[in-house]
Amino acid sequence: MIPGKDATVEKKDDQKEKYGSFSLFDIEHFLRRVLKNWYWFVFMLFIGYGISWVYTKYYAQNIYASDLSLSVSNNTASYFTPTNQSFNFIWGQGGNQDGVYLKKLLFSRSHNEYLVKELDLFVNYSTKGVIKSTFLDKDDSPVFLQIDKQHNQQLNYPITLVPKAHNTYEVVLPDEGHSTNLYNYISEGFHNVNAYERPANKIIKIGEWYTSPNLRFKLVANPAETKIKLPNIIVSLTSVNQAVNDIISSIGVDFDKEISTIMIITKKGYNLNSTVNFLNTTVSQLQKKRLEDKMTIDKNTEAYLGKNLGTIRKKLDSSANILNYMKTNEKLYDIKDRDEKSLTRIKDLEAKKADLESKVSSLNTIRQSLETQNFDKMISTDAAGFQDGMFSASVSELKALYLKRREMATIYTPNSEPMKEISRLINEAKLSSTGSLKNYYNNFYNEINRINKEVGDANKDLAGYPEKERKYLDAERGYNMIEATYNSLLGRQNETQMRMATNQSDISVIDPAKNVGQAPIGPNVRAAKFGIIGGLLVLPLLFIFIGEILDNKIRNIKELLGATRIPLLGVIGNNNNENMLTVLEQPKSSVSEAFRGIRANVRFLSSESENSKVILVTSSIGGEGKTYVSINLASVLGLSDKKTVLLGMDLRKPKIFGDFNIDNKYGISNYLTGEVDVDQIINHTKIPNLDVITSGPIPPNPSELLMSERNVKFIQELKKIYDFIIIDSPPVGLVADSYELMKYSDANIYVVRHEYTEKYMLKMITEKYHNGEIGHLGLVYNDYNTKQGYGYGYGYGYGYGYGYGYFDEDKNYKEPLLIRIRNKVQSIFNKK
């Protein structure tokens, strides 16, 4: 039976809309194309492996990391360690405010800028082999480059030092790239200079200055002997800002999960020794700076407390004199019926009040330092009775912002956006610091008010004393308050002096950074290798995918039948013959057998009541093989003892006469115009039962002739003579002639050519078929690639090449590589 012929499906409107609609992407054909182009993937695999090998060996720069652990003691925060970083990102470490502040300090610009300037970290060293460059630590270089900071320097300009004899070096500069935009390390800004010629290479001695319009430096010998002999040293300069940003982006700080006061600092870089030296140096400098800051604050606090003690001492002496006078002259030292309980309570309360008032005085001094921006005279918050890392951080940030604004004022106008932004940050820092002070003020005043209320309640118990005795008690209470204030300040002075005597850095290193041969942490060579190989493998896959999306040709029989729902009569393989007479010249070929199958299936398209049948063959456009199918179908019918005539009714493009060696002087066009009779245009072939009527000369009005009544009578006359009439008609995608001829045909064959017919061309014929405008229609799939297999389960054809001697083609058939490999593997495993 014919596939799809007996499938009765109710043709609903939504189903009709789907007829002729092909899927955008054919996964089956896509996979076949991928397998067909396997060699491109193998080629890309080798290319990718080669590129990844070269990248890993010659271009990938290893990234190393070293770490240092240290312990942070209490009260680490300092007013004199400025930072201009935002405080929000570090808060949230619980009660470890000192460690959190130190973390902020390590990320601060001020600290890292100090390191960059002190250690010349804006000078970078490397060396270059034949292909790959290697970054060096400063100590790996036999010489150091010392620049003249007063001279303008060109940044990111490679200076190559080539060792020569007798401690001399040749300075080799690039042929191009010298710039007129130079950097000054004093002002930390760029300046334009006049154009100049490329600086010449020069051999200089150690200690000798090299001077050019864009550079000025000298070489200083490394005091330590280097272990590696370098063929060259490449030095490049960066700006202070760039060096600081590079450092900040390469360090990391974490706290120990069990002990929050232990901090772990990590530094990443292209040279392991460089990361080790940086960590040890930065912590050493940090310890030194922290100790100096603590000493400065303690000295300020001691001076402040000493000054206040002197003032309080005078008050205390004056109060003592008054009290002694009243005892000696007024004889009030022995007051009868003294309420000692109330007096003791009042004394304790007033002593607390005196201590609070002393702290408020210290707060006033701290606030005044903030308001006047006199940070160098700032005293410790211990003098005010509190320790607040957050307040210390905000003060430090405020100091740094004031310094930054003074620097920016030399560059920007007051109303410029940068100045407005720095002013906004200053206001935020002010609010943070003054907000903290306001909280302490409120707490102290609330406590003082509470004490005053309790003292007032206690005074009620003393209201019964005579006026003279009450004066003595007031003088005694005044003396006690001054004495309490004096003792409180004296105690804080002693604490400050003790700290100064025993002062040491509040940062202690637990494990210094060391070079123990750590393996590089990056780059991820494995990921890079897979990325390169995977990326190259994706390229052919992408090209195939794009080609599949853009390809609109029919390539899949299953998809063709699913979209058109038109019966399939047969599949024709490749025509290897030089002409179209395959059935006549290669009767044992698989193609000839396919035409015999089509001959058998055509009978299902028309009624059996007819004595003779008219079979029309058409296609979408020229080149799809309709004439080829017409000739060979007619040949098969003629060879089966059926009297058959082949009509060449494609009057616009005659073809049939050439293959049969027939003169096309007279044909159908002549007959339809009345020039000749039927007998004059019938041509006999070497097949007794096959006649051919050619189209004849090309007429000026082919459509009118084919649709004329004379043509209808012509076909009726031929039906009386022949069993089968095969009409080679014009393509329906170009002209409408074939649709008119289909009215008189008993079966219609529509030829679709593999990888040639466009999908959109089938929409019209499919719609007409399902709308009932065309009947008795079947498809012939032509020129199918015999090496691919049909991919269709109805078994049409014989697989072409799998007949193993059944067809003529099998003698030259060679199995595909994958099939041969599969068979070889099966034969190995099937051995006993």
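Predicted model: local features only at pLDDT ≥ 70, side-chain atom pairs only at ≥ 80, totals over all residues.
**Asp728**
- Asp728 belongs to strand β21, which spans residues 724-728.
- Asp728 counts as buried because its relative accessibility is 2%, under the 20% limit.
- Its side chain makes a polar contact of 2.9 Å with the side chain of Thr627.
- Beyond its neighbours within four places in sequence, Asp728 is in contact with residues including Val617, Lys626, Leu647, Asp650 and Ile656.

**Positive phi outside glycine**
- Asp641, in the loop between α16 (626-639) and β18 (644-648), has a phi near 65 degrees.
- With 64% relative accessibility, Asp641 counts as exposed.
- His776 has a positive phi of about 55 degrees and lies in the loop between α23 (762-770) and β23 (777-784).
- At 40% relative accessibility, His776 counts as partly exposed.

**Aromatic pairs**
- The whole structure contains 13 aromatic pairs.
- One of them is the tilted pair of Phe122 and Tyr185, with 4.4 Å from centre to centre and 35 degrees between the planes.
- Phe122 lies in the loop between α5 (109-119) and β2 (123-128) and Tyr185 in the loop between β7 (181-184) and β8 (189-192), so this pair ties together parts that are 63 residues apart in sequence.
- Both Phe122 and Tyr185 are buried.
- Tyr441 and Tyr445 form a stacked pair, because their ring centres are 6.0 Å apart and their planes are at 15 degrees.
- These two tyrosines, Tyr441 and Tyr445, lie four residues apart in helix α10 (residues 417-459), about one turn of the helix.
- Tyr441 counts as buried at 8% relative accessibility, whereas Tyr445 counts as partly exposed at 40%.
- Trp38, Tyr39, Trp40 and Phe43 are linked into a cluster by ring pairs.

**Lysines over rings**
- The charged end of Lys138 sits over the ring of Phe144, at 4.8 Å from the ring centre.
- Lys267 lies over the face of Phe278, 5.3 Å from the centre of the ring.

How values were computed
Residues numbered from 1 in each chain as written. Heavy atoms only, no water. Buried < 20%, exposed > 50% of the residue type's maximum accessible area, 1.4 Å probe, protein only. Polar contact = N/O pair within 3.5 Å; in protein donor to acceptor, adjacent residues only side chain to side chain. Contact = heavy atoms within 4.5 Å. Phe/Tyr/Trp six-rings, centres within 6.5 Å; stacked < 30°, edge-to-face > 60°. Lys NZ or Arg CZ within 6 Å of the ring centre and 35° of its normal.
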